[in-house]
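Trainee: Before we look at anything, could you take me through how features are read from a model of this kind, giving the general idea and then the case at hand?

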Amino acid sequence: MVTIEEAHKIIKDQKVKLKTETRKLENCLDFSISEDITAPFDMPSFDNSAMDGYALCGISQEYIIIGEVAAGDKKDFKLKSGDAVRIFTGAKVPKNTTAVMMQEKTSVVGKKLTLQQMPKEGQSIRRKGEELRKGQLVFEKGTTITPAGIGLIGSLGIQNIEVYKKPLINLITTGNELIEPGKPKAEGQIYESNSYALALACEQFGFKYGNKKQIDDDFEAIKSGIKKSLETSDVLILSGGISVGDYDYVKQALEENGVVEQFYKVFQKPGKPLYFGRKENKFVFALPGNPASSLSCFYVYVLPFLYRLNGSAKNGLQRFSFPISHDFKNKADRPLFLKAKISNNEVEILDGQGSSMILSMAHGNALAFIEAETSYNKGEKLECLLIS
Ligand SMILES: Nc1nc2c(c(=O)[nH]1)N[C@H]1C(S)=C(S)[C@@H](COP(=O)(O)OP(=O)(O)OC[C@H]3O[C@@H](n4cnc5c(N)ncnc54)[C@H](O)[C@@H]3O)O[C@H]1N2
Ligand code: MOO
């Protein structure tokens, strides 16, 4: 049995080989970049108008309109004092432009332009390089690409990005009692739900699983299922069959497949029988079968490791401390990850904390962490991991 800190350290200390690939801009969402991205040119790359209106030379109330420039035009006017040019948003401002005045503040008679207010120098001009300078660091290696990030990289004219490959993840659930949702349920059976929760937890954070398999509590079937799944996994996630019952075959089946235990059992609730192992560059998390235990262990241990394999600078769920909305005492000798709900800047520990109970997790949005044998008074701050 290891402590939570020891388990995290063992996971963190694993030597991993990160693989990279080149991906097209549009296929990079949630990938982590594997080399710094710098601006290839100033952005904007030329002074341009922020408004539809008139580019003006000199500060005055009246000007003569000498031409027009629209977005994308290559025309190159050189203004003299008193000149104005009709201009549109995004168009390159002519040389010697002092300011741009939006058209709503102007009136035009023939070629004569009259302003309703005096222009201010530089008004409504987006200056070359005001957002980014050529060579400036845009994204550090390890940054996860968001939609805005894709927009920014695209605006820099970059089409192919060097990213870390995502780990290949396979899922195996075990248990004779498990049947697929949608099928009729016999006495003693329950619907298999962990694979759905785990698969979508992967997807929520930008990871996809390759395949999922449901296997009965049969040693040979579990052993060969693991062998086959390992062939195509960087990370194999199992659920169930990892405790000490007569039909809990997962640990032995992993060992017989050459997986080497890195830790087994963590001093925590839920998720005590959590197992972590490795076979060369393949990693295995065997999560306890109880639905709340498997998902908590995914959030607390598997997710940070997936981020690591993904080359991401992130190391797990976001953590925040919130005042607790009621008194709470952890009477247990183990630290707890409690299903909790953050609302109105307070955290409430929800009813229904059993490891088999997923209702409170589904209604909540956080896991609150409490040390063993610790009390909290209403208003005291409690550390929470945000799950949604
Ligand atoms: N004698 C002991 N018994 C148990 C201990 C212990 O220390 N000594 N630990 C308990 C703890 S803590 C946990 S957690 C469970 C974990 O057991 P397993 O990982 O072997 O899980 P199973 O026995 O296969 O299943 C537990 C529970 O969860 C349901 N389950 C399993 N898989 C799924 C699934 N894919 N979808 C939905 N529900 C699932 C299963 O039906 C069981 O009710 O062991 C305790 N026992
Ligand atoms: O440690 Mo288990 O996950 O509580 O039921």
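Trainee: How many nonpolar, polar and charged residues does the shell around ligand 1 have, by class?

Mentor: First the conventions: this is a predicted model, in which local features need pLDDT of at least 70 and side-chain atom pairs count only at pLDDT 80 or more, while totals for chains, interfaces and linings use all residues. Residues are numbered from 1 along each chain as its sequence is written, and chains are lettered from A and ligands numbered from 1 in the order in which they are written. For the classes, Ala, Val, Leu, Ile, Met, Phe, Trp, Tyr, Cys and Pro count as nonpolar, Asp, Glu, Lys and Arg as charged, and the others, Gly among them, as polar. On that basis the shell around ligand 1 has 7 nonpolar, 15 polar and 4 charged residues.

Trainee: Which residues are the closest to ligand 1, and which helices each supply at least two residues of its shell?

Mentor: A residue is near a molecule or strand if its C-beta atom, placed from the backbone, lies within 6 Å of it. Ligand 1 is surrounded by 26 residues, the closest being N194, G240, S243, P288 and G289. Helices (H or I, at least four residues) and strands (E, at least two) are DSSP runs, numbered from the N terminus, and helix 3 (194-204) and helix 6 (291-309) each contribute at least two residues to this shell.

Trainee: Which residues are around ligand 2?

Mentor: Around ligand 2 one finds K269, P270, G271, K272, P288, N290, S293 and S355, which by class are 2 nonpolar, 4 polar and 2 charged residues. Two of them, K269 and P270, are joined by a cis peptide bond with omega about -5°, and P270 belongs to the loop between strand 18 (260-264) and strand 19 (275-279).

Trainee: What is the strand order of the open sheet of 5 strands?

Mentor: In general, strands of a sheet pair through backbone hydrogen bonds, either parallel or antiparallel; the criterion for pairing is that DSSP finds at least two bridges between two strands. Here the order is 21-27-25-23-24, with antiparallel pairing. Strand 21 (319-323) and strand 24 (346-349) stand at the edges with a single partner strand each, so one side of each has no neighbour in the sheet. Neighbouring strands are turned by 45° against each other on average, direction ignored, where axes are lines fitted to C-alpha atoms, for helices over the stretch in contact, and angles run from 0 to 180 degrees between N-to-C directions.

Trainee: Which strands of the sheet does helix 6 touch?

Mentor: Contact requires that the C-beta atoms of two residues, placed from the backbone, lie within 7 Å. Helix 6 packs on the sheet and touches strand 23, strand 25 (366-370) and strand 27 (381-386), its direction making about 80° with that of strand 23.

Trainee: Does one call E280 buried or exposed, and why?

Mentor: A residue is buried if 20 or more other C-beta atoms, placed from the backbone, lie within 10 Å of its own, exposed if 12 or fewer, and partly exposed in between. E280 counts as exposed because it has 10 C-beta neighbours inside 10 Å; although not a glycine, E280 has a positive phi of about 50°. S124 also has a positive phi, near 55°, but S124 counts as buried, with 23 C-beta neighbours inside 10 Å.
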